[in-house]
Amino acid sequence: MRVEELPVDERIKRIILERGIEELYPPQAEALRSGVLEGKNLVLAIPTASGKTLVSEIVMVNKLLREGGKAVYLVPLKALAEEKYREFKEWEVLGLRVAATTGDYDSTDEWLGRYDIIVATAEKFDSLLRHGSSWIKDVKLVVADEVHLIGSYDRGATLEMILSHMLGRAQILALSATVGNAEELAEWLNAELVVSNWRPVQLRKGVFAQGELFWEDGKIDRYPANWDSLAIDAVKRGKQALIFVNTRRSAEKEAVSLAPKIARLLTKPEQRGLKELADSLESNPTNEKLKKALRGGVAFHHAGLSRTERTMIEDAFREGLIKVITATPTLSAGLNLPAFRVIIRDTKRYSNFGWVDIPVLEIQQMMGRAGRPKYDKVGEAIIVARTEDPKKLMDRYVFGKPEKLFSMLANESAFRGQILALITNFGVENFRELINFLEKTFYFYQRSDTSHLEWKAKEIVYFLIENEFIDMDIEDRFIALPFGRRTSQLYIDPLTAKKFKDAFPKLEKNPNPFGIFQLIASTPDMGTLNARRKEMEDYLDLAYEMEEKLYVNIPYWEDYRFQSFLNEVKTAKILLDWINEVPETRIYDTYNIDPGDLYRILELADWLMYSLIELYKLFEPKKDVLDYLRDLHLRLKHGVREELLELVRLPNIGRKRARALYNAGFRTTEDIMRAKVSELLAVEGIGLKVVEGLFMHFGVELPKASKKSTEENRKRRKGTLDDFLK
DNA sequence: CGATAATAGCTGTAGACAGCATGTC
DNA sequence: CTACAGCTATTATCG
């Protein structure tokens, strides 16, 4: 189908033509002919990079231009929200306004009412629904990206509930990877179904075993026995490779060992560029390995890296500077980062049940990464058989069908929060109504026997009543209690809220960081770290040493909670180090964690600390305890000792600057107000901009001369992400 | 007997969403 | 529960 022929607003066609697109891909055309443009629901199950985004853009913009209202675009990752936001921003020339919202920024819900296209993570949208923002009724279309995540154990229930809420209230466009039961999904959503395997870049799949590369069409290529020759070969041909492995350690090892072999193939300018990249990295144990790999044009990519490093690697790979990335599943879903050749080294993964085969769905998503639309005619995806039988791998992953999607609504921890929200935020008045709502879900659609779910729902309702989240009157009507309502809005697991509530009496008597951090670490919302065998004794000693600071009893070693208790102690100790200003590099060394891990637990602890304070406010809080908790929260946020609390409250003053000011003799707000500009500028990390901010904060004008140079400073720095991060 | 090499045994394992109110180095 | 890399403790080997 030609773009000209599209039955949509002329302005849309013009913009698409300006992008240089004149002809739609076959699945795109099929999708747009299915009735979505007339308002029908649609499930679109096609491979990544075959143009799902363009379809959703056309549907969204066309609908908004014709009918007004709002479109919500749901994504599974915060990074993806950013990416989509940037893509959709282009449509603002038509007068539409685009916003992105995740837990990271801009949560003031009413503010979102001014926008037409809203990109959000599923959880964020769920939270917005719970807050009952007035603009929700204007949502005319929901696009759910990567809707197969409905089958994910820990996050599937949320997505399923959102769709159940919106079903019938808004048009639904569900974008999915190829799954075993797309028909079922479409039937549930009362939607048309378009399934296709068409790709803009042809995909060639194969299995590699001991030097022989068996292609799906029966052809065989010969290589050196070691599988890494596949990556080297790709680079020799001027292409890039993406290697998937199943542990962080493997990712790092393979990157470092490939680096010298790839280095020989680099041009001089490339070597210079890579060296520059490596030199720009901050120094820490993980980055040292990364630098080594980078100098050979290779990088590893996993969740232990901090945001900065990850984006740097992604960008440099897209530019072609980095030739090979070795990655854990961080890269398998989500960001669009294709490569000519995808090599899958591992098809097994460690889980709670030991070693399990990675689902076909996931392997096929990894394979789908092969082939760069602008550069390659064909992409190659190769699975490495190291110990496994190559024929088995071929049957399972190359010719096999992906798994069916199963509802994960019955997963207890997710279900608990969802039921609470139905009662406290969505006006469900009694058990009958609760079941009525659940009948709209995929779970009910999929299973003939729903007695298990009903029984589970009943159990959860009892739990909620018993712990005073909700109550029930004599006519068996639910009553939402403030504790329940707040828990639901804070978006924490009711079990977390219960743990907090139970601890308040002890906490009030003996507020202290260690006890509070252990409490936070013990909640199901806090992903803890693992205490290693060798460390166990140390943490147990620490726990006994600090016994009177804890709000729980130390379990005996036979207790099933023993290991998790030590994990909590380890997490608490790290948080304690953080607020005592232990340098980050020492934290990485001491606890054997990566920068990304530290960032993650700090982020979680910050959120839970806030929630703890909010809940405490509901139970006749003591003023001094509340103040104590707020100070501790601030210390956690900034990673500072008590003595820096005052400074850290000032604008643009964080951990490092506060410490520098304090050590330079500026210990209070008053010290700074009295200081001369030049004295402040002499402090490390304090520039004109910061000083200006401080003076503005105090309501004092900066002398003219310095103001001018501040203006110049600003000019030099403009052209960043601008209003997006405002 | 002591130093060094080979081997048996043990350990640990991916990822990432949510609140709120504004400004990290 | 079907793995496997990297490390440590233990045993074998050699002079």
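Guide: L74 stands opposite A144, a residue of strand β5, in a model that is predicted, so that local features need pLDDT of at least 70 and side-chain atom pairs count only at pLDDT 80 or more, while totals for chains, interfaces and linings use all residues. Residues are numbered from 1 along each chain as its sequence is written, chains are lettered from A and ligands numbered from 1 in the order in which they are written, and side-chain values use heavy atoms, with hydrogens and water left out.

The strand β2, residues 70-75, runs parallel to β5 and is joined to it by five bridges, where two strands count as paired if DSSP finds at least two bridges between them. Helices (H or I, at least four residues) and strands (E, at least two) are DSSP runs, numbered from the N terminus. Strand β5 itself spans residues 139-144, and five of its six residues are buried, that is, under 20% relative accessible area, as against over 50% for exposed and in between for partly exposed (1.4 Å probe, protein chains only). Strand β6, residues 171-176, is likewise parallel to β5, with four bridges between them, and in this pairing V143 has L173 of β6 as its partner. Together with helix α6, residues 156-166, the strands β5 and β6 form a right-handed β-α-β unit; right-handed here means that, with the strands pointing away from the viewer, the path from the first strand over the helix to the second runs clockwise.

From this part we can turn to DNA strand B, which is surrounded by 46 residues, the closest being S127, A303, R533, G654 and R655; a residue is near a strand if one of its heavy atoms lies within 4 Å of it. The residues of this surface divide into 14 nonpolar, 16 polar and 16 charged. Of the DNA strand B atoms within 4 Å of the protein, 60% belong to sugar or phosphate, and the rest to bases. Several polar contacts, meaning pairs of N or O atoms within 3.5 Å, involve its phosphates: a polar side-chain atom of S127 is 2.7 Å from a phosphate oxygen, a side-chain N or O atom of R532 is 3.5 Å from one, and a polar backbone atom of K656 is 3.1 Å from one. Elements that give two or more residues to this surface include α5 (122-131), α25 (595-616) and α28 (655-663), and α25 gives the most, with five residues.

DNA strand C has R249, K253, K348, F353, W355, R386 and T387 around it. Of its atoms that come within 4 Å of the protein, sugar and phosphate account for 39%. A side-chain N or O atom of R249 lies 3.5 Å from a base nitrogen of DNA strand C, and a polar side-chain atom of W355 lies 3.0 Å from a base nitrogen, whereas a polar side-chain atom of T387 lies 3.0 Å from a phosphate oxygen.

Finally, an unreviewed UniProt entry marks Q28 as a "binding site", an annotation that may be inferred rather than shown by experiment. Q28 is placed in helix α2, residues 26-33, and counts as buried because its relative accessibility is 4%.

Conventions. A polar contact is a pair of N or O atoms within 3.5 Å; within protein, one must be able to donate a hydrogen and the other to accept it, and residues adjacent in sequence count only if both atoms are side-chain atoms. Ala, Val, Leu, Ile, Met, Phe, Trp, Tyr, Cys and Pro count as nonpolar, Asp, Glu, Lys and Arg as charged, and the others, Gly among them, as polar.
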